[in-house]
Amino acid sequence: MTAIGTSGVEPAAVNTPIFSIILPVYNTRDLVEAAIRSALDQSETDIEVIVIDDGSTDDSAAICERLMQEDTRLRLFRKSNEGQGIGRNLGLAYATGRYLLFLDSDDIMLPGLLARVRAEFEDTAADVVCFGLAFRDIHDRPVATRAVRHRMIQEGPAIFEDAMLDRNFLTAPWSKAYRRDLIEAHGIRFPALRAFEDAMFGRHVAFHAKRAVYIKDILYHALTRAGSTSRALSTRNFETAAELIAEERRLFERLIGPGYDGALFGAHVVRFFAHLLILAAFRIPEREQRQACLMIAESCGFSQYASRADVRRFLSWRTRLQVAVARRPTVGRFAARQAQRLGITPY
């Protein structure tokens, strides 16, 4: 790993900034400048933008170096390709700000994001501030939005339950801002996985957070691209999903003890794999691969958990329907093809 500052070496931090923005980069030369400028152009100027180039083979790093010459708030670190999670961990190691945010190199922060979350932190003493997201395609057409209907505050165990059930506390690390002292006090980091690494990070944060604020404003635009990590799907993705569940088991056993494998964890496993199996019905045409995906889910306790009454009480009717369909790959594929003919494709 090499660090590059304005004079060719890592710049020393003189004053602690209000915000540290961590931005992993890998081969996004046509998009990364817009992402960086969306952070540097915020009305809150007391910031540092920590760019982690994850072994890009295009001009991404060169673009970042040029921007760094223009603005000393930008810091660039280059490393071999190991995935976003490890890159974000490196950014966390170098961050010095009071508050942390993550920005993907193909996304943008909307004007006023930092000012809004800073006001919430200072008014509420929150550990986490969550904001609304808009997903857009490569042609800047809207795909979906995720936001609460009204501003709200959660406290205590309710935050963790919300995160485990994928409700308002979203898994995407760039959907919220964090107090850095919370992250550092508990040694919260991303697991060394190539996919789904953000899910465990978010739930680890939620476990320790005492107060979370949710604001309804859309403050972040996320790009959806065919072939991106979050859109591609294969049996390898399911193998990584199983690795995630194993990592979470170990984490929650350490944090909670023997009760880690309770109903809430079971509901999380069921919801997680039901969603993935429905996506597989849309994105994986080969029957054998879809069956293999189901077997991986079963190895993590998918059906076993789904049959438990204490788990089912956490599951909505929609999730229960997804489970019924997901356990029958042929039925799921047929339903997916009919939905696609109607122009329905899950994100």
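## Around isoleucine 86

Leaving aside residues up to four places away in sequence, isoleucine 86 touches Lys79 and Ala192. This is a predicted model, and in it isoleucine 86 sits in helix α3, which covers residues 84-94.

So how does isoleucine 86 count in terms of accessibility? Its relative accessibility is 26%, so it goes down as partly exposed, since buried would need a value under 20%.

## The nonpolar cores

Now for the largest nonpolar core, which has 109 residues. Phe273 and Phe302 are the ones with the most contacts inside it. Helix α9, residues 263-283, supplies the largest share of this core, at 13 residues. Apart from it there's another core, this one of five residues, including Ile278, Ala281, Ala336 and Ala339.

What does phenylalanine 302 touch, not counting residues up to four places away in sequence? The list runs Val269, Val270, Phe273, Ala274, Leu277, Leu294, Ala297, Val323, Ala326 and Arg327.

For the protein chain, mean pLDDT comes out at 91, with 93% of the residues at 70 or more. Residues 5-13 are another story: pLDDT stays under 50 there. The model still gives that stretch 17 contacts beyond four places in sequence.

How values were computed. Residues are numbered from 1 along each chain as its sequence is written. This is a predicted model: local features need pLDDT of at least 70, side-chain atom pairs count only at pLDDT 80 or more; totals for chains, interfaces and linings use all residues. Side-chain values use heavy atoms; hydrogens and water are left out. pLDDT is the predictor's confidence in each residue, from 0 to 100. Contact means heavy atoms within 4.5 Å. A nonpolar core is a set of buried Ala, Val, Leu, Ile, Met, Phe, Trp, Tyr and Cys residues joined through side-chain atoms within 4.5 Å. Buried means under 20% relative accessible area, exposed over 50%, partly exposed in between (1.4 Å probe, protein chains only). Helices (H or I, at least four residues) and strands (E, at least two) are DSSP runs, numbered from the N terminus.
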